[in-house]
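Open the model in your viewer and keep the sequence beside it. The tour goes from one selection to the next.

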Amino acid sequence: MNRVVYAAAHVVPGKGAQGARGDGSLDWDATLRFRHHLWSLGLGVADAMDTAQRGMGLDWATTRELIARSGAEAASVGGLLACGAGTDQLAPGEHTLAAIVDAYEEQLAVVEASGANVILMASRALAATATSVDDYHAVYGKLLSQASRPVILHWLGDMFDPALHGYWGSADLDEATGTVLSLIKTHADRIDGIKISLLDADREIAIRRALPAGVRLYTGDDYNYPTLIAGDEHGYSDALLGVFDPIAEPAARALKLLAGGDVAGFRAVLDPTVPLARHIFQPPTYNYKTGIVFLAWLNGHQERFEMVGGLQTARSIEHLVTLHELALAAGALADPEFAAARLATVTG
């Protein structure tokens, strides 16, 4: 059976803009061309997400434009698109719940106007403000009642964003799981699915089996995705993965095999990409974006190895050299000679 799959896509800064955090400058041609690359492979695009440097350099004004532009491009080719709606236009720190709802509503309206599906992103402001699980139920309940169609919820673990520690009202993951499952069961008709990014395959499987009928589990587990997507006798995970940005071509080949019922073929293509993924997402996990952009540059999707906010420096040269070696072994380099020539300009 076909899976619903989104690759979370990165952004490309405008020339000379990488040194300024959130200065509103992107290379729109390269940024949107990469989204067309993903659509051409049959993958959906998850935009304006963590992979696009939300909360790590991309400001709301630029994000709003990204959502609108990606929506227009998706419509032009019939591409599957989902975009993140969050609260990052708010200053860091605590806010009233009403202010948090207002911020969410502003972004929700932008995503819906673009024609994209909505991903209700985890909110740093809500994590800082909420004093009980009731606060989470109140905020999400109001938003879900207002969305024009079912949305994707978003649980991003604190290894991806330390500011989200204790999300859903508890640092105890069993308690947090209970809260989010209660929320989903209460509003099941308003929820398409939930993206889980906890790097905990056993917990994801347990949540998947507990979901109401018709609610999808979108794996965000960049360590264990082949097993979770393949599934078991009880079900499977769909996918919303940052790692599918750099391994888009082998991922697309694998998913076609799986759609045809060839699970062994799917695993034979996708399993060799796991060492690469684990290296990209090694701690500190939130710096995984550097590896994703580095591979996009090695594959010729952008002219410069640069990121918004200068985050291309977040990983060492040694890390990047190993990344190249693992990408070569995984079949994730479209032109190995071209990639090697680009690598040489970094390593000297």
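This is a predicted model: local features need pLDDT of at least 70, side-chain atom pairs count only at pLDDT 80 or more; totals for chains, interfaces and linings use all residues.

Residues are numbered from 1 along each chain as its sequence is written, and side-chain values use heavy atoms, leaving out hydrogens and water.

Select residues 81-85, strand β3. Strands here are DSSP runs of E with at least two residues, and helices are runs of H or I with at least four, numbered from the N terminus. Five of the five residues of β3 are buried, so the strand is largely enclosed by the rest of the structure; buried means under 20% relative accessible area with a 1.4 Å probe, protein chains only. Leu81, Cys83 and Ala85 lie on one side, Ala82 and Gly84 on the other. In a regular strand the side chains alternate between the two faces of the sheet.

Strands pair if DSSP finds at least two bridges between them. Ala46 has Ala82 as its bridge partner in β3.

Finally, select Leu120, among the residues with the most contacts inside the largest nonpolar core, which has 103 residues. Such a core is a set of buried Ala, Val, Leu, Ile, Met, Phe, Trp, Tyr and Cys residues joined through side-chain atoms within 4.5 Å. A second, separate core of 10 residues includes Ala46 and Met121.

Terms used:
Buried means under 20% relative accessible area, exposed over 50%, partly exposed in between (1.4 Å probe, protein chains only).
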